[in-house]
Every structure is written in C-alpha cells, then in structure tokens.
Amino acid sequence: MKRIIVLAVAAIMATMSVNAQGYSYYDTKHEVGISIGYPSTSQVFSAIADFTALVLEATMTSVVTLGTVTGYEYGDKVFTPSFSGEYYYHISKVVGIGGMLTYNNMHRDIIFKWQNNTDKTTHQDKYGTATHHNISIIPTFKFDWLRTKNFGMYSKAGVGATIMLERQKVDGASSDVNSKNNSTSVIPNIHLSLLGLEAGSTTVRGFVELGIGEQGFGVAGLRYKF
C-alpha cells in the first residue's frame with residue numbers, strides 16, 4: 001500500500017509538472033518577429049509594370065552638355081529582399097491574430113541615348129535611377145497546428161495593401177523636374193505561408209517558411225514570445 005501511495009503521488013507530481021510547463025508555454029500570448037524573404041509579390045508586379053514616362057524637357061540640356069538627347073532606356077532590374085516585422089496575439093492555443101509590415105524595392109539605372117553635336121557619334125550613359133519602393137501593411141491570422149515547448153509548425157494568411165512609391169531621379173535635373181517624375185499608387189496584396197517551422201526555447205525561436213506573398217516565397221527570421 002505504501003508503495004502504491006508513493007507511486008500515485010509521484011505520478012500526480014509528474015502530471016502537475018508537465019501541466020505547469022505546458023501552461024507556462026501557452027501563457028506566452030504575444031509574439032514579435034523579424035524576417036527576410038524573397039521574392040515578394042510586389043517585386044514581381046514591379047518587374048512587370050513599366051515606369052511612368054519621364055519628364056525630360058527641362059533636363060535635356062542640363063545633363064548632356066556635349067550633345068542632344070535622342071531617347072532613354074532602363075538598365076537591368078535589381079531587387080532587394082523583403083524585410084518584415086510582425087506581431088501576433090494568441091486568442092487561443094491555435095489561433096493568433098496580428099499583422100505584418102514589410103519593405104522591399106526594385107531599382108534600375110536610367111540610361112540616356114545622346115548624339116555628339118560635333119562628330120555626330122551616338123552614346124549611352126547612366127544619368128539617373130528609377131526605383132519602386134514597396135511598403136505593405138497586411139493583417140494576418142497565424143494557425144499553430146503543432147505547438148510544443150521547443151518546436152512548432154504553423155501556417156498563416158493575410159490580406160492587406162501595398163503602397164508603391166515610384167521615384168525617378170535624373171542626375172543634374174532640378175528638384176522640381178525630379179518631383180514630377182514621382183508617383184504613388186496603392187494595390188491590394190496578400191501573404192500566405194503554407195508551411196512554417198520554428199524551433200528554439202519557449203521564448204526565442206528561429207523560423208523558416210515556404211509560401212507565396214509579400215514576405216517572399218521563402219522566409220527566414222527570429223521571433224520572441226512573451
């Protein structure tokens with residue numbers, strides 16, 4: 001009988017210990033994270049969309065002093081990764097609500113074609129930079145379908161908007177002319193992480209995600225739970 005009582009007490013204490021650990025982990029209602037990913041949906045859109053036609057009238061004589069501008073073109077596309085910050089509040093063990101703020105850009109050189117007034121030879125030179133700055137705010141749901149002390153698997157989905165700031169700066173042109181080459185547009189945007197894996201302590205974890213959307217098709221980062 002004494003042995004049975006000791007075993008029963010030990011079992012109860014072990015159960016309480018496991019429950020306490022579980023409660024301690026699930027009691028972390030908040031989480032914040034930072035990440036880097038590539039490529040994003042806004043960058044794909046930026047790569048397809050053309051830049052607005054440049055205002056060149058006031059710049060032709062100011063940037064090319066040896067000849068006459070005959071046209072212009074854009075150089076190769078250069079993309080930055082998508083940098084993100086996100087926050088979630090867990091309303092249950094499975095569902096978290098929050099959102100993400102992301103930034104990325106795509107830029108290209110502006111190349112002027114011009115003809116030398118003396119010998120009539122033609123030239124091409126870089127005379128500026130065209131950039132799409134993309135800033136996105138996307139409310140998001142996070143679904144933790146496996147949530148343990150040191151490892152988790154999850155998915156997340158959100159719908160929001162992206163502010164696309166188009167900036168085209170011609171070297172040597174006045175600020176007034178360059179400001180006329182700026183534009184702003186807002187487009188709807190999404191993010192969907194089909195599979196997310198996180199590992200670490202109960203409070204600090206590294207994570208990787210595969211999906212589609214504004215954070216990128218592939219995402220990696222760190223998050224803090226409290």
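This note goes through a predicted model, starting with the whole chain and then turning to two residues.

1. Overall make-up. The chain contains four helices and ten strands. Their order along the sequence is α-β-α-α-β-β-β-β-β-β-α-β-β-β.

2. Burial and surface. Of the 226 residues in the chain, 38% are buried. The chain exposes about 12100 Å², and 68% of this comes from carbon and sulfur atoms.

3. Contacts along the sequence. Among contacts in the chain with a separation of 6 or more, 69% are between residues 24 or more positions apart.

4. Asn 104, position. Asn 104 is part of strand β5, which covers residues 95-116. Asn 104 counts as buried because its relative accessibility is 0%, and the cut-off for buried is under 20%.

5. Asn 104, partners. The side chain of Asn 104 makes polar contacts with two serine side chains: Ser 40 at 3.1 Å and Ser 42 at 3.3 Å. With neighbours within four places in sequence left aside, the residues in contact with Asn 104 also include Gln 43, Thr 80, Pro 81, Ser 82, His 132, His 133, Asn 134 and Glu 214.

6. Pro 139, position. Pro 139 sits in strand β6, residues 122-147. Its relative accessible area is 48%, so Pro 139 is classed as partly exposed; exposed would require over 50%.

7. Pro 139 and Ile 190 are 51 residues apart in sequence, and their C-alpha atoms are 9.2 Å apart in space.

Methods
Residues numbered from 1 in each chain as written. Predicted model: local features only at pLDDT ≥ 70, side-chain atom pairs only at ≥ 80, totals over all residues. Heavy atoms only, no water. Helix = DSSP H or I, 4+ residues; strand = E, 2+ residues; numbered from the N terminus. Buried < 20%, exposed > 50% of the residue type's maximum accessible area, 1.4 Å probe, protein only. Polar contact = N/O pair within 3.5 Å; in protein donor to acceptor, adjacent residues only side chain to side chain. Contact = heavy atoms within 4.5 Å. Areas by Shrake-Rupley, 256 points an atom, 1.4 Å probe, with all protein chains shown as cover.
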